[in-house]
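Colleague: Could you walk me through this model? I would like to go from the overall picture down to single residues.
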Amino acid sequence: MSDDEIPALCANNINNNNEIKNSVKYLINNSLEDEDDLDDEDWEEMLNDDDSFDTKCLFCEKIFSQITLAIDHLKIAHDFDLPEIKLKFNLDDYFYIKMINYIRIEKPDAKKFLDANEIFWDDEKYLKPLESESWLMMDLDDLTTIQDQQSIKDNQSSNASLTKNLTETITLTVDQFRKLQGIINDLTNQLKEKDDLLHQASLDIDVMKSSYRNLLEQHLPMNGDDENVGCDNKNINSKITAGLTDPDAGYFNTYSHFSIHHDMLSDQIRTLSYKNAILNNSNIFRDKVVLDVGCGTGILSMFASQAGAKEVIAIDQSEIIYSAMDIVRTNRITNIKFIKDRLEDAKLPCEKVDAIISEWMGYFLLFEGMIDSVIYARKNYLKPNGIMLPSRCNISLVGYGDVQRYNESITFWKNVYGYDMSCMQNEVLKEPIIEVCKPEYVLTNANIIANFDLMKVDSDCTNFAYDFELIVKRDAQLTSLVGYFDTFFELPNHVEFTTSPFAKPTHWKQVIFYLPQMVNVKKDEVIKGRFICRRDRNDIRGLIFTIEYFNQVLKYALN
C-alpha cells in the first residue's frame, strides 16, 4: 500500500517514526570520524551499545540500556515473548506501532495479550506516539534474528546450568509445563517416524543388494569360465539395469504429483462417501486395527482414526506418503503408522487386521489394476470376520448419441485446416475418451455388465465378457457406448455412489467407446452385442476392450 492510500493520520505518524529513526542514524553517522556509511551490523551494534537510547519496559518501570535486554525482561518477568507475539498476531509495521502505543496509553496487563486470539488494538488513534519511543526504532524484522540468537543463548545457558548443578529444581507454570510436554511429545513422535523410515530404508537397501547379487550370479561367468570376461559388459549392465528397474515406477510417480490428490480430495461424491461410510458406522471401527491400502494423503486413515480405530496402518509406494506424514503430524494424530512400500513386498507390523479400506477404483473401475493389491491384502491380512470398504462395485454400459462431440472428436480428422487427416481416425478410435457425458444424450437403458464382491473376487476378475441388450428410448444417431461404475458400502448405515451420466460428475467421469461411423437407431430397437474386457499383457495396469456389434469387431486400449 502506498502512502497515498493510507489514511492521513496513519501516513503522518509512520513518517514521524521513520524520521525519528533516520534522525538518530544521521546523528550517529555524523559523530563518527569515519565518513563511510554504516552498514546494518554497525547500526544494530549502535542500537545495543550502552551509550545508546534507554528502553523502558512495556509493563513496568524498569529501564534497560539495550533493547535486547528489555525483550529478555518482557519474556522472563511478564511472560510476554515479543517474537512469539509477532507470529501469533501476524504483526506488520502498522499493527506493531499501534500495539506499542496502545500499551503506553492504556497500560494493559501482559496477560491480556496472552489470552487474546485476535488483534484488539486496531484503532487509528494508536498510530500517534505520546513521546519519543525506543521500541519504535527497532525494525520489526529484527525480532526473528533476536529470537534465533536468544534460542542459542537459552540453550547454552541451560546446558551450562545443568552441567553446574544437575540437582537444581526448575519451577514451571502449568501452561509452561503443558507446552513443554507437548513439544516433547511432538519430538518423540518425529523421532519414532524417522526411526521407522530409516528401518524401512535399511530393508530396501538389503533387498536391492540381494537383487543385485542374484543378477550378477545369473549373468556373470562362473570361476574358471573367464575367457569371455569383458566382452559382454554392456549386455550384462543392461540386464542388471532392467532387473532393478521398477516396472510400476511411472504409475507410483503419477501419484507423487499434488494436482491429482487435489482432484480426488475435491471430488465430494468420492470423499464424503468414504467419510460417511466410516464415521456413520464408527462402532465397527472402534478399537479395531485398520489397513489403508494406497493411502495417498492419508484422508481415509484420518477418517478411521476419527471413528475410534485402535491403530491404522497406512501404506503407499508413492512419494506422497511423506506429505501424508506431515499432515497427520500437523493434526496431532498419533495412531496412524505409515509404511512406504508396495503392499506385496511389505512386512506389516501385525499379522491380521479387522478392516481394509482403500480408494482403488480407476477409470472404468478397473483401470490401473489397483484392485490386485486390495485382493492381496484381503487374502493375506484380513481376519475371517473382517470387512472390506468398499464392499461391492459394478460396471454398467449405455448407448450414447452426442453428435456434436462425435464431430469434434472423430469427424474432425477429415478436414484439418483444409488437409485430410482421416488416416489418424482409426488410431484415435482405438483410444477410449474419458470425459463427462451429458444425460440428455443417453439413448438406451443401462446393462450391468460386471459385478465385483470384494470379499470374493480374485485377480482374474478384470477379464470378463458380457452379452448386452440395450433398448433404444427414442429415434436418434448412436455415436458410442459409454461405461461407468457404481460403488457400495454395505454397512448398517448404507452408503453408495455412482459415476453415471445422470449423477453429479466425479473425477472418474465416464468412458466413451466411439463407433467408426454413426448409426441411425429407432425407438424400442434392441442393440445386441458382446463386450469383452481383458488385462493388457504389455501393460499390467492397462485394459484391452473388444466390442462386437453392428457386424463389427471394434478394439480399444486404455493404458
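This is a predicted model: local features need pLDDT of at least 70, side-chain atom pairs count only at pLDDT 80 or more; totals for chains, interfaces and linings use all residues.

Colleague: Fine. Is helix H16 mostly covered or mostly open, then?
Modeller: Helix H16, which spans residues 371–381, is mostly covered, since eight of its eleven residues are buried.

Colleague: Which residues of H16 are the buried ones?
Modeller: They are Ile 371, Asp 372, Ser 373, Val 374, Ile 375, Ala 377, Arg 378 and Tyr 381.

Colleague: And what covers the buried residues of H16?
Modeller: The cover includes strand E3 (289–293), strand E6 (353–357), and also E7 and E15.

Colleague: Stepping back, how many helices and strands does the protein have?
Modeller: There are 18 helices and 17 strands, and of the 559 residues in the protein, 43% are buried. If you take the contacts between residues at least 6 apart in sequence, 72% of them join residues at least 24 apart.

Colleague: You mentioned E15; in what order do the strands of its open sheet run?
Modeller: The order is E11-E15-E16-E17, an open sheet of four strands with antiparallel pairing. E11 and strand E17 (552–558) are at the edges and have a single partner strand each, so one side of each is left without a neighbour in the sheet. On average, neighbouring strands of this sheet are turned by 20° against each other, with direction ignored.

Colleague: How many bridges link E11 and E15?
Modeller: E11 and E15 pair over eight bridges, in the antiparallel sense; as one example, Phe 464 has Cys 533 in E15 as its bridge partner.

Colleague: What about Glu 469, which residues is it in contact with beyond its neighbours within four places in sequence?
Modeller: Glu 469, which belongs to strand E11 (residues 464–471), is in contact with Asn 445, Asn 447, Val 526, Ile 527 and Lys 528 once those neighbours are left aside. Glu 469 counts as partly exposed because its relative accessibility is 45%.

Colleague: Changing topic to the backbone, where is the cis peptide bond?
Modeller: The bond from Leu 389 to Pro 390 is cis, with omega near 0°, and Pro 390 sits in the loop between strand E7 (382–389) and strand E8 (392–400).

Colleague: Which residues other than glycine have a positive phi?
Modeller: Asn 90 has a positive phi of about 50°, and Asp 524 has one near 75°. Asn 90 is in the loop between helix H4 (82–89) and helix H5 (93–106), while Asp 524 is in the loop between strand E14 (510–521) and strand E15 (526–536).

Colleague: Are those two buried or exposed?
Modeller: Asn 90 counts as exposed because its relative accessibility is 66%, and Asp 524 also counts as exposed, at 55%.

Colleague: Last one: which residues make the nonpolar surface patch?
Modeller: Ile 170, Leu 172, Phe 177, Leu 180 and Ile 184 make a nonpolar patch of about 490 Å². One of these, Leu 180, is in helix H8 (residues 174–219), and its relative accessibility of 41% is why Leu 180 counts as partly exposed.

Technical notes. Residues are numbered from 1 along each chain as its sequence is written. Side-chain values use heavy atoms; hydrogens and water are left out. Patches are made of residues with over 30% relative accessible area and no salt bridge: like charges are joined within 9 Å, nonpolar side chains (Val, Leu, Ile, Met, Phe, Trp, Tyr) within 5 Å. Accessible areas come from the Shrake-Rupley method with a 1.4 Å probe; for residues, only the protein chains shown count as cover. A salt bridge is a side-chain nitrogen of Lys or Arg within 4 Å of a carboxyl oxygen of Asp or Glu. Helices (H or I, at least four residues) and strands (E, at least two) are DSSP runs, numbered from the N terminus. Buried means under 20% relative accessible area, exposed over 50%, partly exposed in between (1.4 Å probe, protein chains only). Contact means heavy atoms within 4.5 Å. Two strands pair if DSSP finds at least two bridges between them. Axes are lines fitted to C-alpha atoms, for helices over the stretch in contact, and angles run from 0 to 180 degrees between N-to-C directions.
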